[in-house]
Amino acid sequence: MSTSNNAAGLAALSICESLLLAMNDRGLLPENEIVGVLRDAAATHENTIDTEPDAEIHRAAAALINQIIAGGNSVRRPPA
């Protein structure tokens with residue numbers, strides 16, 4: 001992947017994360033809905049057929065989304 005593609009992907013991820021956080025902060029989407037959106041996105045990438053030319057990048061995208069879910073980075077949580 002080129003540097004410009006990597007930068008575009010990183011920018012898109014940051015924008016989406018900010019939008020999800022803002023929607024949760026404003027009460028537009030509860031945490032379970034945000035996690036559901038992320039799970040749907042991960043599933044889309046996980047269901048890519050292995051023979052597709054971009055199958056590896058789809059698996060990597062799914063893994064990244066699943067790490068975001070596991071890390072709890074999709075919503076703000078009060079300090080423990």
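How do the residues of the lining of the largest pocket divide into nonpolar, polar and charged?

1. The model is predicted, so that local features need pLDDT of at least 70 and side-chain atom pairs pLDDT 80 or more, while totals for chains, interfaces and linings use all residues. Numbering runs from 1 along each chain as its sequence is written, and side-chain values use heavy atoms, without hydrogens and water.

2. The lining of the largest pocket comprises 15 nonpolar, six polar and one charged residue. Here Ala, Val, Leu, Ile, Met, Phe, Trp, Tyr, Cys and Pro count as nonpolar, Asp, Glu, Lys and Arg as charged, and the others, including Gly, as polar.

3. Of the 22 lining residues, Gly9, Leu13, Ala61, Leu64 and Ile65 lie nearest the centre of the largest pocket. Helices H1 (3-25), H2 (31-46) and H3 (55-71) each give two or more residues to this lining, and H1 gives the most, with nine. Helices are DSSP runs (H or I, at least four residues), numbered from the N terminus.

4. H2 passes H3 in a left-handed crossing (the near helix is turned anticlockwise from the far one by less than a right angle).

Methods. 1 Å grid on protein atoms, 1.4 Å probe; cavity = no way out; pocket = protein on both sides within 12 Å on 5 of 7 lines; lining within 4 Å.
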